[in-house]
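Dear colleague,

I am passing on the structure we spoke of, and my notes follow below it. Please read them with the coordinates open beside you.

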Amino acid sequence: MAASSSSSSRMSCFQCQDSTSNPANFRNGWRLRSGEFAQLCPRCACLYDDGRFCETFHSNDDGWRDCGSCGKLVHCGCIVSFGTHLLLDFGGVICMECSRLNFLLARKQCLSLEPEVRARDPRRESSGHAPVEAQYWPWVTDSELQKISRNPKATITPLFEKVLSATDADLKLARLIIPKRCAENFFPDISGLHGLRIKIQDIDGNEWEFHYRYWLDGGSRIYVLEGLRDYMISKKCQSGDTVTFYRVEPGGKVVMGLRKQLQRI
């Protein structure tokens, strides 16, 4: 009877199947589809708590993607990493650390008492489309607006801004993913996958021509500006910099500004 009782109380680790550890030392891991938690031995539990579980056991599996903000690899291919990342509406993922950082930066900006810095709410520009998410609302200063137009009678409307991810700043790709709602609210309509050529001016008055198109991912459009290599080299674009798009009237000209990361802090 004693042997039977000892056998029934034995517990195996969900990952490594180790059954030699004391059951009292097992710890909860991720939540299973049944609603219960995976029971992990001390070694596997430490790897899970430290965020190194997937890179230890699943490094060769499919489903690894880079965070759209910091470029860190995130394993999106298993239930273990379900709480480590968020899916972005325009495609890609962002790790929870960057998501929290973006929230804190946005909160800091909202609490700023500097009078000349203010948010322009692009929801007023929506024209029947879904409103732009708050993380893309542009934060601009009067000095930035004055630099864009040399015509005192011009009307400048900040449209949206985006912090460059590691892939956005990659010279080999030389392209910029445009958030879906921003593209559909502020960029020309495109009906075919081939897209169109679009001219955009920088804040120094130089005109650039890019290829604006979209591709389909699971039935949803992902909008992209391509052919930015020369622009990126000229502006020394880096991950963490912020691009801001404006519209100048009369004429409807689109202007793209770049704010370096150090100026944002």
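Is R259 buried or exposed? This is a predicted model, and in it R259 is buried, with a relative accessible area of 10%. Its side chain meets that of E161 in a salt bridge, at 3.1 Å from N to O, and E161 also counts as buried, at 2% relative accessibility. Because buried is taken as under 20% relative accessible area, R259 at 10% falls in that class, and so does E161 at 2%. The pair joins distant parts of the chain, since R259 belongs to strand β15 (residues 253–259) and E161 to strand β9, 98 residues apart.

Both of these strands belong to an open sheet of seven strands with mixed pairing, whose order is β9-β14-β15-β11-β12-β13-β10. The edges are formed by β9 (155–163) and β10 (175–178), each of which pairs on one side only, and the twist from one strand to the next averages 35°.

R175 forms a salt bridge with D168, the closest N and O atoms being 3.6 Å apart; R175 is buried at 15% relative accessibility, and D168 is buried with a relative accessible area of 3%. These two residues are also linked with K162 in a network of salt bridges. In the other pair, D241 and K260 form a salt bridge whose closest N and O atoms are 2.7 Å apart. D241 lies in the loop between α7 (229–235) and β14 (242–249), and K260 in the loop between β15 and α8 (261–264), so the contact ties together parts that are 19 residues apart in sequence. Here the two partners fall into separate classes, D241 being buried with a relative accessible area of 1%, whereas K260 is partly exposed at 24%.

Note on methods. Residues numbered from 1 in each chain as written. Predicted model: local features only at pLDDT ≥ 70, side-chain atom pairs only at ≥ 80, totals over all residues. Heavy atoms only, no water. Pairing = 2+ DSSP bridges. Helix = DSSP H or I, 4+ residues; strand = E, 2+ residues; numbered from the N terminus. Axes fitted to C-alpha atoms, helices over the stretch in contact; angles between N-to-C directions. Salt bridge = Lys/Arg side-chain N within 4 Å of Asp/Glu carboxyl O. Buried < 20%, exposed > 50% of the residue type's maximum accessible area, 1.4 Å probe, protein only.
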